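Open the model in your viewer and switch to a cartoon view. Keep the sequence panel at hand for making selections. Each stop says what to pick and what is there.

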Amino acid sequence: MASMGGDPRQMMEDAAEDKFPEGLRVLAVDDDSVCLKVLEDLLRGCKYHPTTVMDAKTALKMLRAGKEVFDLVITDVRMPDMDGFKLLELIRLEMDLPVISTLTAQF
């Protein structure tokens with residue numbers, strides 16, 4: 001590692017300081033309850049504050065109502081009624097909010 005031009009101890013200390021920000025308010029959207037629960041547990045493990053919903057229309061209503069403020073939306077792409085792409089499009093048109101789209105496959 002010394003050939004990379006840095007003190008290994010300092011590199012480890014720097015990496016320890018590069019943490020994800022804690023306390024992010026995340027709206028997670030997925031029509032699969034198992035995937036949603038796994039995502040919720042992962043987000044809680046990162047010390048985030050997840051709110052989960054099982055459809056895009058409900059998520060959009062929550063975002064538009066503005067009663068809860070979110071820092072990030074994580075949404076599945078394949079959902080009935082309104083897919084994640086449409087949700088992403090509407091969020092981008094109406095709000096300044098980052099969106100992560102996920103794709104889960106069914107075998």
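Select Ala-28 and Thr-52. Thr-52 belongs to S2, and Ala-28 stands opposite this residue. What you are viewing is a predicted model.

Leu-27 stands opposite Thr-51 in S2. Now widen the selection to the two strands, residues 25-29 for S1 and residues 49-53 for S2. They run parallel, and 5 bridges join them.

Follow the chain out of S1. The path goes through helix H2, residues 33-45, and on to S2. This β-α-β crossover is right-handed.

Then click Val-29, which stands opposite Thr-75 in S3.

**Strand S3**

How many of its 5 residues are buried? The count is 5 of 5, so to speak a mostly covered strand. In a regular strand the side chains alternate between the two faces of the sheet. Here Leu-72, Ile-74 and Asp-76 point one way, while Val-73 and Thr-75 point the other way. All of these residues are buried.

From Ile-74, step across to S4. Its bridge partner there is Ile-100. S3 and S4 pair over 4 bridges in the parallel sense.

Select the 4 strands together. They form an open sheet in the order S2-S1-S3-S4, with parallel pairing. Which strands are at the edges? They are S2 and S4 (99-102), each pairing on one side only. Neighbouring strands are turned by 20 degrees against each other on average, direction ignored.

**Helix H2**

Select residues 33-45, the helix on the S1-to-S2 path. H2 has 13 residues. From its first C-alpha to its last, H2 reaches 18 Å, close to the 18 Å expected at 1.5 Å a residue.

Colour Leu-36, Glu-40 and Leu-43: these are the buried residues of H2. Now look down the helix axis. The buried residues fall within an arc of 65 degrees, so they line one face of H2. An α-helix has 3.6 residues a turn, so residues three or four places apart point the same way. The buried residues of H2 pack against S1, S2 and S3. Turn to the other side of H2, where Val-34, Leu-42 and Gly-45 are exposed.

**Helix H3**

Select residues 56-65 for H3. This helix packs on the sheet and touches S1, S2 and S3. Its direction makes about 155 degrees with that of S1.

Which residues of H3 are buried? Pick Ala-56, Ala-59, Leu-60, Met-62 and Leu-63. Seen down the axis of H3, they fall within an arc of 160 degrees, so they line one face of the helix. What covers them includes S1, S2, S3 and H4. On the other side of H3, select Lys-61 and Ala-65, which are exposed.

**Helix H4**

Select residues 84-94. This is H4, lying across S1, S3 and S4. H4 runs at about 155 degrees to S3.

**Zoom out**

The protein has 4 helices and 4 strands. Walk along the sequence and the pattern reads α-β-α-β-α-β-α-β. Colour by burial: buried residues make up 30% of the 107 residues.

Methods:
Residues are numbered from 1 along each chain as its sequence is written. This is a predicted model: local features need pLDDT of at least 70, side-chain atom pairs count only at pLDDT 80 or more; totals for chains, interfaces and linings use all residues. Side-chain values use heavy atoms; hydrogens and water are left out. Buried means under 20% relative accessible area, exposed over 50%, partly exposed in between (1.4 Å probe, protein chains only). Two strands pair if DSSP finds at least two bridges between them. A crossover is right-handed if, with the strands pointing away from the viewer, the path from the first strand over the helix to the second runs clockwise. Axes are lines fitted to C-alpha atoms, for helices over the stretch in contact, and angles run from 0 to 180 degrees between N-to-C directions. Contact means heavy atoms within 4.5 Å. The expected span of a helix is 1.5 Å times one less than its number of residues. The arc is that of the directions from the helix axis to the C-beta atoms.
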